[in-house]
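Here is a short report on one protein model. Please look at the structure first, then read on.

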Amino acid sequence: MVRSVRIVSSILLVCFFAALTLGQSSGEIAVPRGYKAPLIERSESLRVLLEKAVSESLASFPDKGWKQEEISVTVIDVRDPDKWQLGEVRGEQQMYPASVPKMFYMVALQQQLEDGKIKLTPELSRGEKDMIVDSSNEATQYVLDVITETSSGAEMPEKQFQEWQYERNRVNRYLTAMGYRNINVNQKTFCEDAYGIEQQSRGYKGQNRNMLTTNATARMMAEIVTGRLGTPERTRAMMGLLKRDPFAPTKDPDDQANGFTGKILIDRKMTDAKLWSKAGWTSKARHDAAYIETSDGLKFVIVVFTENHAGEKEVIPMVAGKVIDGLSKN
C-alpha cells in the first residue's frame, strides 16, 4: 500500500513538472488556425502626410509646450484588403498605454472562447462588455484573471512567483507567435495602484508595466476590423463592442465616442462616417485607437498616443482631421 502511494505520488509529481516544462500548454492562447501575418507596406507619402499633420497640430498650440517625443501616430490604410499601407511618426516608440491593452485582452478572450478553453457565462460577457464599452478597470482585472488563470493576492516567494508570472504572460506569448514585437501586455489596469503580487509583477518601480507602440496597436485594430483574428461571428462580437456613435446623446463629453477621434466627426458633422475605437487616458496619458469608414470610401486605422498632455482634447481629433483630408486627395 505504501509502495502504491509512493508510485501515485511520483506520477503526480512528474505530471506537475511536465506541465511546467511544457508551459502548461492546455491553457495557452492559440494563434487562429490558418493565420498569416498581414502584408503591410510602408508608404512614404503617408509618412509625409503624418509628419505634416503632427507638426501643424502641435504648432497650433504653442503655449502648451508640446515636445515631438510626446506624441506617436500610426495610420494604416486598409482600402486594399490584401496590401495595407502604413505611415508612422515614432510608431515604434513604447509608451504606457493606459486602457488600450483592453482591446488586446478582448482579442485573447475571444480566441480562448473560440477554442473552447473558456466557457462564456453571463458574468464573463458582462465583464468583457464593461471592459471595452465602459473601459472598466475592475472588469479588465476579472477578464485578465480568466484568460491567464492567475489572480491577485499576496507577494510570492521567487519560485512560485516565476510560475505565476509565466501564466500571466500568456497574452504576450500569443502576440509574439503572431509576429508582434516591442510590446508588453501582461498587467491589470487600476484606478489607483497595484498591490501585492500585482506590484511584484510590475517590478515595484514599473519595470514590467504594460507598454505598447502605435504600430502594434494599429495593426491589432486593423486585424480586428478586417476579420483576420477570428470567425465572422467573433469579428462581429468584437466590432460590436468597439462601435462608437459620436452623435448619440451623452452626458459625458469626454467619453470614447466624443472626446477623442470622434470629435472631428462631430465638428465636421460627418454623420455618415462610422467609428470603432478604444481610448485610453490617465493623469499623464491620452490615447486613442480608431477605425474610420467615410461615405466617400475611406477605410483606415489611426492610432495616436500622447504623453504629459492628458487634458489636451484637441490634438488627437486635429491630427485625425488632417489625415482624412490627406487620404481624401489620394
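## Basis of the model

This is a predicted model, in which local features need pLDDT of at least 70 and side-chain atom pairs count only at pLDDT 80 or more, while totals for chains, interfaces and linings use all residues. Residues are numbered from 1 along each chain as its sequence is written, and side-chain values use heavy atoms, leaving out hydrogens and water.

## Overall fold

The protein has twelve helices and seven strands. Helices (H or I, at least four residues) and strands (E, at least two) are DSSP runs, numbered from the N terminus. Along the principal axes, the C-alpha atoms fill a box of roughly 80 × 40 × 40 Å.

A compact globule of 330 residues would have a radius of gyration near 20 Å, and the protein agrees with its 21 Å. This radius is taken over C-alpha atoms, and the globule rule is 2.2 Å times the number of residues to the power 0.38.

Buried residues make up 51% of the 330. Buried means under 20% relative accessible area, with a 1.4 Å probe and protein chains only.

## Helix α3

Helix α3 covers residues 101-114. The expected span is 1.5 Å times one less than the number of residues. Of the 14 residues, 13 are buried. Just after α3, Gly 116 has a positive phi of about 75 degrees.

## Nonpolar cores

A nonpolar core is a set of buried Ala, Val, Leu, Ile, Met, Phe, Trp, Tyr and Cys residues joined through side-chain atoms within 4.5 Å. The largest has 50 residues; among those touching the most other members are Met 103, Met 106 and Leu 175. Helix α3 gives this core its largest share, eight residues.

A second, separate core has 32 residues, including Leu 49 and Ala 290.

Strand β6 (residues 285-293) is mostly covered, with eight of its nine residues buried. Two strands pair if DSSP finds at least two bridges between them. Strand β5 (residues 274-281) runs antiparallel to β6, and eight bridges join them. Leu 275 has Ile 292 of β6 as its bridge partner. Three residues lie between β5 and β6 in their hairpin.

Strands β6 and β7 (residues 299-307) are also antiparallel, over nine bridges. Here Tyr 291 stands opposite Val 301. This hairpin has five residues between its strands, and Gly 297 in the turn takes a positive phi of about 100 degrees.
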